[in-house]
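Trainee: I am new to this one. Please take me through a single part of it closely, starting from the overall picture.

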Amino acid sequence: MSIRVSALMRLLCALLAMAVLSGPAYSQENLPQVERDKRTEFEIRYWFTNSRASVNATENINGPEVRIRAGLGLNSKGAAEARYNWRFTGRHKLKIDYAQLSTNSGAADITLNLGGSDFLSVDNIDLGSLRRAKVDIKQLKIGYAWQGIKLGNRIRLGPLVDVRGILFDASITAPSSSGAGDAVDSDSGTFGLAMLTLGAEVSAALHRRVEVTSALSFIPIAGLGRVFEADTAAKFSLSEHLNLSTGYRYLRLRTNEGPNFAELRLRGPVIGAGFRF
């Protein structure tokens, strides 16, 4: 009798293991080949950015209220980015991203409303002979994604929560007010933003060696400022450990103070290479 019970227990355990490992919900077999074998990834990416900033502010100049709207074209040098992804189960993913870029001012479109009068507009002002601004931006982002919703055997999606800190190192130079030769006046400062954002992430296994992932962050929960970010990339597994990726990324940062706001928009294609282990 004990031998039969022992054999029955082994059979039940074997059936349970088969159900867990090969069942339809979150099975290892339904994951892409590159994720069944390797769950940790380190990735280096480069973002070819096209950037622009805008400001909408109200100021009092010698009494009358002046409404200023300015759009500033920025010359970006691109952004280098390092990423660490850890999928510790089929549903849960931890993401750590670090990126930095440098940009400087090019031309501006400025609109003024002087004390309720008609708007005065000047487009495409060359800032070379006026003030020149340079901004270095560094961002650290830590995110958690729960992809607990499945559509068939190839698509997984779910909420994404990320916390990010952004550091701005800005400097402004202008011809000296003294008018002495080539002298310039300069000013610089450092300031930062921190925010907690809710979004979503979806992954689609198009092939056993190809996966497309799209991450959206757009609902502010806490912190200074608002962010909208969309990052979509296709990854191609070349070998057991190496993969290449290409995609497109859009990032908009906005801060408000009463009726005034400042906004920075970055967009462009990305390429990268990753190592899974």
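What percentage of the contacts in the protein chain with a separation of 6 or more do residues 24 or more positions apart account for?

Mentor: The figure is 61%, where contact means heavy atoms within 4.5 Å. This is a predicted model: local features need pLDDT of at least 70, side-chain atom pairs count only at pLDDT 80 or more, and totals for chains, interfaces and linings use all residues. Residues are numbered from 1 along each chain as its sequence is written, and side-chain values use heavy atoms, with hydrogens and water left out.

The protein chain has two helices and 13 strands. Both are DSSP runs, numbered from the N terminus: helices are H or I with at least four residues, strands E with at least two. Of its 277 residues, 36% are buried. Buried means under 20% relative accessible area, with a 1.4 Å probe and protein chains only.

Now the part itself: the largest nonpolar core. It has 15 residues. Such a core is a set of buried Ala, Val, Leu, Ile, Met, Phe, Trp, Tyr and Cys residues joined through side-chain atoms within 4.5 Å. Among those with the most contacts inside it are Trp 47, Phe 168 and Leu 253. Strands β8, β9 (184-207), β12 (242-257) and β13 (260-276) each supply at least two of its residues. β13 gives the largest share, three residues.

Look at Leu 253. Leaving aside residues up to four places away in sequence, Leu 253 touches Ile 166, Phe 168, Arg 226, Val 227, Ala 262, Glu 263 and Leu 264.

Note on methods: Buried means under 20% relative accessible area, exposed over 50%, partly exposed in between (1.4 Å probe, protein chains only).
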